[in-house]
Amino acid sequence: MNDILKLRQDVENLLNEIKKLLTSHNWDTRNQDHANKWDEMVKKSVKLHKLVKPKHHKYMIENRGYDPDNPEFYNHIHPIEDLIAFIDDPNANDDPEDVTIDHEFKFPVYTRRWGHEDFYKVVRTSSGWNIGHLRIKGDCDKGGRPAL
């Protein structure tokens, strides 16, 4: 466990140095010292990943386009931040629950034909929406198809 904490601290220190360079606009990938810091941070993050087997947010994996076991996954600041967060709190990278599933929303839709607003009832489902209106009713995908 001591090796993990030491490695975690090394990664965090490198990450903080790099972030400081980035925010001060002094980061230059052509600077060999900067490139070496980045490479070292990525390599140590990959090593740390193998030791702790972290969980990452679903969106992080999708956005990176790499499996977390692929070393290229850590060639970015955000997955490294998530790696550190996971070590500090194993639940830090849990995907949030979607709290609007099964909630009903009402919204007004103005129709020129009748010259007033009609209220549509929309219920959020895990696969999209359920629309409740006089003429437009039924289940839709997340894009509103086929009813909308």
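Colleague: Which hand does the crossing of H2 and H4 have?

Modeller: The crossing of H2 and H4 is left-handed. That term applies if the near helix is turned anticlockwise from the far one by less than a right angle; clockwise is right-handed. Helices here are DSSP runs (H or I, at least four residues; strands are E, at least two), numbered from the N terminus. This is a predicted model: local features need pLDDT of at least 70, side-chain atom pairs count only at pLDDT 80 or more, and totals for chains, interfaces and linings use all residues. Residues are numbered from 1 along each chain as its sequence is written, and side-chain values use heavy atoms, without hydrogens and water.

Colleague: Which residues of H2 and H4 make the contact?

Modeller: Contact means heavy atoms within 4.5 Å. H2 gives Trp38, Met41, Ser45, Leu48, His49 and Val52, and H4 gives Ile77, Ile80, Leu83, Phe86 and Ile87.

Colleague: How do I describe the packing of two helices?

Modeller: Use the angle between their axes and the distance between the axes. Here the axes of H2 (residues 32-52) and H4 (residues 77-88) come within 11 Å and cross at roughly 40°. H2 is therefore oblique to H4.

Colleague: Where does lysine 53 lie, and is lysine 53 buried or exposed?

Modeller: Buried means under 20% relative accessible area, exposed over 50%, partly exposed in between (1.4 Å probe, protein chains only). Lysine 53 lies in the loop between H2 and helix H3 (58-64). Lysine 53 is exposed, at 60%. Its phi is near 45°, a positive value in a residue other than glycine.

Methods. Axes fitted to C-alpha atoms, helices over the stretch in contact; angles between N-to-C directions. Parallel < 35°, antiparallel > 145°, perpendicular 65-115°, else oblique.
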